[in-house]
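Dear colleague,

Please find below the structure that I am handing over to you.

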Amino acid sequence: MPKFITIGYGDRAGYDRTPQHVRDAAHEHDAKLKTEGALIGRAGRPVQVRNPEAASVETRDGSFMSSELPIAGFAVIEAADVAEAIAKVANVPCAVAHGVVEVWPLA
């Protein structure tokens with residue numbers, strides 16, 4: 001079955017203004033996805049890694065990309081197609097708590 005990487009963006013303010021019962025249902029949905037085999041995790045502090053021409057490793061704290069909302073977490077899910085992947089993530093915390101979830105097909 002095809003795999004998809006999902007990136008959830010959201011902040012505490014959006015999460016906090018979402019009704020508790022909606023957040024609870026979203027966390028239950030995450031737990032269900034995990035039982036179906038999804039690999040789900042919260043995002044920590046990123047480190048950029050470069051190794052120009054394989055000559056010297058350079059690192060820099062922080063993210064390379066910037067967005068309106070911080071990255072909150074990632075998941076790797078299986079779905080028959082992108083429509084099914086979208087349906088699977090439509091009720092996760094970032095999607096329902098005023099954030100956004102990107103769905104990326106893995107080639």
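Helices (H or I, at least four residues) and strands (E, at least two) are taken here as DSSP runs, numbered from the N terminus. In those terms the elements of the chain follow the order β-α-α-β-β-β-β-α-α-β from the N terminus on, with four helices and six strands. Please note that this is a predicted model.

Overall dimensions and packing are as follows. The C-alpha trace spans about 50 × 35 × 20 Å along its principal axes. The accessible surface of the chain is about 7300 Å², and carbon and sulfur atoms account for 57% of this area. Of the 107 residues, 26% count as buried. Among contacts with a separation of 6 or more, 69% are between residues 24 or more positions apart.

On the surface, Val-47, Val-49 and Val-57 form a nonpolar patch with about 290 Å² of accessible area together. Val-47 lies in strand β3 (residues 47-50). Val-47 counts as partly exposed because its relative accessibility is 47%, a value between the 20% limit for buried and the 50% limit for exposed residues.

With kind regards

Key
Residues numbered from 1 in each chain as written. Predicted model: local features only at pLDDT ≥ 70, side-chain atom pairs only at ≥ 80, totals over all residues. Heavy atoms only, no water. Patch = residues over 30% accessible without salt bridge, like charges linked within 9 Å, V, L, I, M, F, W, Y side chains within 5 Å. Areas by Shrake-Rupley, 256 points an atom, 1.4 Å probe, with all protein chains shown as cover. Salt bridge = Lys/Arg side-chain N within 4 Å of Asp/Glu carboxyl O. Buried < 20%, exposed > 50% of the residue type's maximum accessible area, 1.4 Å probe, protein only. Contact = heavy atoms within 4.5 Å.
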